Amino acid sequence: MTWRRFLRQNPYLFALLLLIGLIAINASIQSNFFSLRAINGNFRVLLPLMILAVGQSLVIIGGGIDLSVGAMVSLVNAILVTLIVPESGAGGVVLALLVGCSAGMLAGAFNGLCVAYLRLQPIVTTYATSFIFSGLALLILPRPGGQLPRALTRFYRSTPLEIPLGVYVIIVLLLLWALVRSSRFGQYLFATGSNADAAYTSGIPTALVKFSTYVGAGLLSAFAAFALTLGIGSGNPRIGDAMTLDSIVAVVLGGTRLSGGQGGIAGTIIGVAILGIIRSLISFANVPTWYQTLVNATIIVLALAGPGLWRLIRGRV
Amino acid sequence: MATDSGPGMTLRALKLNPALIALLLAIALFFIGGLIRPGFVNVNQAVNILRLASLLGIVAAGQTLVIISGGEGIDLSVGSVVTLGAIMAFRFSNGQNDLLILGLLAALSAGAAVGLINGLGIVYLRIPPLVMTLGMAGVVQGLVLVVTQGALQGGTPPALAGLISSNLLGIPGSVYIWLVLASFLWMTLERTPYGKQLFAIGVNREAARLSGVKVPWVVLVTYALSGLLAALGGFCLLGFTQRVFLSLGTPYLFPSIAAVVVGGTVLAGGKGSYWGTMAGALVLTLINSLLTAMQLSEAYQLMVLGITLVILISVYGRQRSVRQ
């Protein structure tokens with residue numbers, strides 16, 4: 001029975017096993033999978049979604065959901081490539097990053113205001129606000145373009161101490177999460193997510209807690225946009241659109257429940273890695289083009305079904 | 001503060017009936033359109049908007065049932081299923097009037113099958129509806145790609161195109177289909193055991209189970225119906241567009257949810273009506289037509305749409321306060 005308790009305390013265990021299995025398969029068909037170059041490549045591609053999905057986890061644990069994170073990425077991407085030109089110096093870049101952060105936090109604060117204080121339903125509200133952010137992104141950057149200084153894109157590809165930059169970012173995120181979790185805010189967050197009425201009755205400022213999760217998601221969307229922009233070196237006002245739903249799937253794959261009050265970001269990061277490895281597997285296994293969408297979606301559904309299938313097999317419905 | 005005087009009472013009655021507010025709003029929007037662009041208010045335009053709204057309304061019918069069923073119920077596969085339904089009808093009818101019924105049956109059964117799989121995953125594997133239906137949307141899209149390999153063969157039966165676009169007594173055929181569907185859904189929701197059980201599981205699944213409702217069964221039927229109705233929407237849409245492409249149904253996904261919410265159905269479940277969704281579909285279609293009529297650039301169109309949606313949601317989409 002200790003095994004069951006272990007499983008309950010580590011809801012991402014299934015995701016971790018799945019990831020190890022997928023990595024093993026991928027490594028067997030891609031000979032250089034474990035080379036620093038390939039690992040760094042994978043991290044570079046996955047880092048934006050990882051950061052974004054961490055923000056999504058925060059909102060979901062607090063009992064909400066944010067369908068505007070992708071649009072916020074597009075917005076901040078548009079801001080960055082408009083403010084940064086190839087000749088930009090350090091000062092200009094820092095200024096652009098600050099403007100990007102503020103834009104993300106403002107957008108998140110607007111979501112938070114609507115959901116936490118005006119008590120609007122999160123799914124439709126953040127879907128509606130995503131139009132506002134997409135519109136702003138299009139206004140700032142009407143068509144794809146822009147270019148970043150070479151030094152910046154080179155920095156994003158760098159591997160200090162032979163370790164990909166992304167690993168450092170993930171470690172920082174995990175450390176920050178450990179701090180948040182053990183803080184009073186962390187307790188408030190989980191209490192609000194699992195039962196807002198009870199949390200409110202016991203004196204927790206639930207509206208403020210929810211509000212901050214949306215601001216946090218906005219800030220992390222801005223960081224995700226930094227990583228994305230450094231990775232591709234240019235701008236596109238639609239670039240983040242497809243990331244929203246992926247971020248939610250990653251959170252669920254990582255063992256966080258959509259009903260809130262439970263979960264963590266380690267699982268989410270594993271969830272994003274699973275999505276990434278599935279894609280890499282499909283390209284290395286030479287799956288015919290017409291079959292790729294089907295194979296990708298089927299593996300994701302099976303991965304989502306995994307814990308439930310396991311429960312069915314063990315006979316505990 | 002509401003008083004017992006006349007206007008106060010009327011306002012309160014209105015507050016109780018979101019479907020009616022949405023309908024009044026739709027009518028108001030139509031005339032606002034006339035103010036913004038002279039010539040917007042005419043019979044042709046009204047007929048056109050009704051036709052577009054009927055397509056959205058049919059797609060949103062299943063979404064209404066799923067959302068009433070509660071348990072975080074939502075169906076993100078409707079967009080793909082609309083495309084699937086249209087493609088099945090296109091393929092199986094092959095442009096021949098004799099095969100129209102076969103096309104319809106193929107579309108409906110494909111849609112119901114997808115919905116049933118959604119239901120199975122949600123009930124027995126306990127996958128949250130949002131991600132289960134999202135995953136199935138990908139699977140359906142993938143299946144369509146594999147089967148068609150980009151080359152779609154088939155055709156739109158002239159009878160179907162005629163049914164949707166022709167006007168009987170000045171009203172498009174799709175509106176009649178919509179009205180028949182609406183009466184059918186009203187009967188189902190208000191007068192059948194299934195309807196009562198649907199609202200019961202939406203309010204509280206545990207209480208419903210204890211009072212003898214077979215919750216898994218009701219959930220399965222609801223998601224299957226949602227798939228079936230989305231496919232019916234695709235079938236009608238084929239009559240309207242007379243051609244199929246892979247993203248045909250995508251523009252209907254989130255509007256179907258928004259129409260339900262604007263119509264006063266609560267996302268938490270257990271409360272709502274299809275009349276509301278119909279009014280919601282009218283409101284959303286009108287907003288879209290207005291935005292197009294205003295000839296704004298895409299950026300401004302998106303922003304105005306977003307702000308309008310937020311305002312609409314804040315009128316009826318508010319959740320109850322934790323303080324109450």
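The questions and answers below concern a predicted model.

Reader: Which helix of chain A gives the most residues to the side that touches chain B?
Author: The contact between the chains takes 42 residues from chain A and 43 residues from chain B. On the side of chain A, the elements that give two or more residues are helix 6 (122-140), helix 10 (196-201), helix 12 (243-253) and helix 14 (289-313). The one that gives the most, with 14 residues, is helix 14 of chain A.

Reader: How many residues on the side of chain A that touches chain B are charged?
Author: That side is made of 42 residues of chain A. They divide into 29 nonpolar and 11 polar residues, and the number of charged ones is two.

Reader: Are helix 4 and helix 6 of chain A roughly parallel or roughly antiparallel?
Author: The axes of helix 4 (residues 69-83) and helix 6 of chain A come within 8 Å and cross at roughly 20 degrees. Angles under 35 degrees count as roughly parallel. The crossing angle therefore makes helix 4 of chain A, relative to helix 6 of chain A, roughly parallel.

Reader: Is the crossing of helix 4 and helix 6 of chain A left-handed or right-handed?
Author: Helix 4 of chain A brings residues including Ala71(A), Met72(A) and Leu75(A) to this contact, and helix 6 of chain A brings residues including Phe133(A), Leu136(A) and Ile140(A). The residues of this contact divide into nine nonpolar, four polar and no charged. As helix 4 of chain A passes helix 6 of chain A, the crossing is left-handed.

Reader: How are helix 4 and helix 5 of chain A oriented to each other, roughly parallel or roughly antiparallel?
Author: The axes of helix 4 of chain A and helix 5 (residues 90-117) of chain A come within 9 Å, and they cross at roughly 155 degrees. The crossing of these two helices is right-handed. Angles over 145 degrees count as roughly antiparallel, and helix 4 and helix 5 of chain A are therefore roughly antiparallel.

Reader: How many residues are nonpolar in the contact of helix 4 with helix 5 of chain A?
Author: From helix 4 of chain A the contact draws on residues including Val76(A), Ile79(A) and Leu83(A), while helix 5 of chain A supplies residues including Ala96(A), Gly100(A) and Ala107(A). The residues of this contact include two polar and no charged ones, and the number that are nonpolar is 10.

Reader: Which helix of chain B do the buried residues of helix 12 of chain A pack against?
Author: Helix 12 of chain A is largely enclosed by the rest of the structure, because 10 of its 11 residues are buried. Those buried residues include Met243(A), Asp246(A), Ile248(A) and Leu253(A). Within chain A they pack against helix 2 (13-29), helix 3 (36-61), helix 4, helix 13 (265-284) and helix 14, and in chain B they pack against helix 6 (129-148).

Reader: Which residue with a positive phi follows helix 4 of chain B?
Author: Helix 4 (residues 78-93) of chain B has 16 residues and reaches 22 Å from its first C-alpha to its last, close to the 22 Å expected at 1.5 Å a residue. This helix is mostly covered, with 14 of its 16 residues buried. The residue that follows helix 4 of chain B, with a positive phi near 50 degrees, is Asn94(B).

Reader: Is Leu290(B) buried or exposed?
Author: Leu290(B) lies in helix 13 (residues 274-293) of chain B. Leaving aside residues up to four places away in sequence, Leu290(B) touches Leu29(B), Gly33(B) and Ile36(B). A residue counts as buried if 20 or more other C-beta atoms lie within 10 Å of its own; because Leu290(B) has 21, it is buried.

Terms used:
Residues are numbered from 1 along each chain as its sequence is written. Chains are lettered from A and ligands numbered from 1 in the order in which they are written. This is a predicted model: local features need pLDDT of at least 70, side-chain atom pairs count only at pLDDT 80 or more; totals for chains, interfaces and linings use all residues. Two residues are in contact if their C-beta atoms, placed from the backbone, lie within 7 Å. Helices (H or I, at least four residues) and strands (E, at least two) are DSSP runs, numbered from the N terminus. Ala, Val, Leu, Ile, Met, Phe, Trp, Tyr, Cys and Pro count as nonpolar, Asp, Glu, Lys and Arg as charged, and the others, Gly among them, as polar. Axes are lines fitted to C-alpha atoms, for helices over the stretch in contact, and angles run from 0 to 180 degrees between N-to-C directions. Angles under 35 degrees count as roughly parallel, over 145 as roughly antiparallel, 65 to 115 as roughly perpendicular and the rest as oblique. A crossing is left-handed if the near helix is turned anticlockwise from the far one by less than a right angle, and right-handed if clockwise. A residue is buried if 20 or more other C-beta atoms lie within 10 Å of its own, exposed if 12 or fewer, and partly exposed in between; C-beta atoms are placed from the backbone. The expected span of a helix is 1.5 Å times one less than its number of residues.
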